[in-house]
Amino acid sequence: MRFAFLALLALALPAKAQDWPQRDVHIFVGFSAGGTTDVIARLVGNELSKAWNQPVVIENKAGATGNIAADFVAHARPDGYTLLMGSVGPLAINASLFKSMPYDNLKDLAPVSLVAHVPNMLVVNPRAMPAKTFQEFISLVKQNPGKYFFASTGSGTSSHLSAELLKMQAGLDMTHVPYKGAVALNDLLGGDSVSLMFATIPSVINHVRQGSLRALAVTSLKRTEATPELPTIAESGYPGFDASSWFGLVGPAGLAPQIARKISIETARSLKKSELREKFIQQGADPVGSTPEEFAEYMRAETAKWARLVKATGARVD
């Protein structure tokens, strides 16, 4: 029903939006090539390129936890040819994490479409931590206060804040060891300095399948299609626990609503294709697709939610 409605909307678009795009569309990514944001951007960009019969170019502009690319897009010409595949960091968390920001995530960016949810997965190194279930994990940490160290991809990232939220709700005593990006996973696989980590599913799923890491739970409210056998933390004794990563398309503020709607309609249509859905699920991502208005509301709610957690944990990046 909703898909049919989107199709009707596409037919009703003004001529200016129907004629767009007439040249390359650039989607910027605030992280290095090969990361989750980059993979999702390339999967979606490939489908949009076929739909529009125009090249969709993915450009990596890494740095400042995604802020450099987001700032670049926020100050770009709002003609639809410069977009950002943003993540929960630059689109929600960073607003309260950084002492000062070069852009306002709710005022300087135009929401287009929520593309995917990617739950974080609680993984442990089996050699460093013998817990085989989430309940065993909780018991083990409580019985050994201060013994276990958890890695994160950086202070204030969803990887870090997921663990801090669990610490608060479960009353756990664990020590945070922040890293710069994927280096954290290398140390976790070694198992000498850190024993556990909250990581995006795409970054660890192959290690879980190979047995070098053990997955215990996911941080979303509902189980994910990628690992339906894994319980959520919310269903495991901590109702309401939700600390997922997510990804979405935005443009500069001032982007014509008709163009934003056209992009969101085509994005939603692409995400309904079984082949693309399967690729997302294989990456540990749950495809979504939304209207610009729905995504704007979601960004406001997420910005407020993470601000409360950042304040409670004292996380800060200067």
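Visitor: Where is the place of Ala110?

Guide: Ala110 has its place in strand β4, and please keep in mind as we go that this is a predicted model.

Visitor: Is Ala110 buried or exposed?

Guide: Ala110 has a relative accessible area of 13%, and since buried means under 20%, Ala110 counts as buried.

Visitor: And which residues does Ala110 touch?

Guide: Leaving aside residues up to four places away in sequence, Ala110 touches Leu249, Val250, Gly251, Pro252, Ala253 and Leu255. As for Ala74, which is 36 residues apart from Ala110 along the chain, the C-alpha atoms of the two are separated by 8.5 Å.

Visitor: What is the strand order in the sheet?

Guide: The sheet is an open one of six strands, in the order β2-β1-β3-β10-β4-β11, and its pairing is mixed. The edges are taken by β2 (56-60) and β11 (286-287), each of which has a single partner strand, so one side of each is left without a neighbour in the sheet.

Visitor: How many bridges join β4 to β10?

Guide: There are eight bridges between β4 and β10, which pair in the antiparallel sense, and within that pairing Ala116 stands opposite Phe247 in β10. Strand β4, residues 109-118, is also joined to β11 by two bridges, again with the strands running antiparallel, and there Ala116 stands opposite Pro287.

Visitor: What about β3 and β10, how many bridges there?

Guide: Four bridges join β3 to β10, and these two strands run antiparallel; Met85, for instance, has Leu249 in β10 as its bridge partner. Strand β10 is mostly covered, with eight of its eight residues buried.

Visitor: Which helices lie across those strands?

Guide: Helix α4, residues 67-74, lies across β1 (25-29), β3 (82-87), β4 and β10 (245-252), and runs at about 145° to β3. Helix α10, residues 257-271, lies across β3, β4, β10 and β11, and runs at about 10° to β4.

Visitor: Changing topic, at what angle do α3 and α11 pack?

Guide: Helix α3 (residues 36-52) and helix α11 (residues 274-282) pack at an angle of about 175°, and their axes are 11 Å apart. That angle makes α3 roughly antiparallel to α11.

Visitor: Which residues make that contact?

Guide: From α3 the contact uses Ile40, Leu43, Val44 and Glu47, and from α11 it uses Leu276, Lys279 and Phe280. Sorted by kind, the residues of this contact are five nonpolar, no polar and two charged.

Visitor: Which residues touch the most other members in the largest nonpolar core?

Guide: That core has 50 residues, and those touching the most other members are Met129, Phe134, Phe137, Leu166 and Leu196. Taking Leu166 as a case, and not counting residues up to four places away in sequence, Leu166 touches Phe134, Phe137, Ile138, Gly171, Leu172, Phe198, Ile233 and Phe241. Another core, of 32 residues, lies apart from the largest one, and Val25, Val29, Val56 and Val112 are among its members.

Methods: Residues are numbered from 1 along each chain as its sequence is written. This is a predicted model: local features need pLDDT of at least 70, side-chain atom pairs count only at pLDDT 80 or more; totals for chains, interfaces and linings use all residues. Side-chain values use heavy atoms; hydrogens and water are left out. Axes are lines fitted to C-alpha atoms, for helices over the stretch in contact, and angles run from 0 to 180 degrees between N-to-C directions. Angles under 35 degrees count as roughly parallel, over 145 as roughly antiparallel, 65 to 115 as roughly perpendicular and the rest as oblique. Contact means heavy atoms within 4.5 Å. Ala, Val, Leu, Ile, Met, Phe, Trp, Tyr, Cys and Pro count as nonpolar, Asp, Glu, Lys and Arg as charged, and the others, Gly among them, as polar. Two strands pair if DSSP finds at least two bridges between them. A nonpolar core is a set of buried Ala, Val, Leu, Ile, Met, Phe, Trp, Tyr and Cys residues joined through side-chain atoms within 4.5 Å. Buried means under 20% relative accessible area, exposed over 50%, partly exposed in between (1.4 Å probe, protein chains only).
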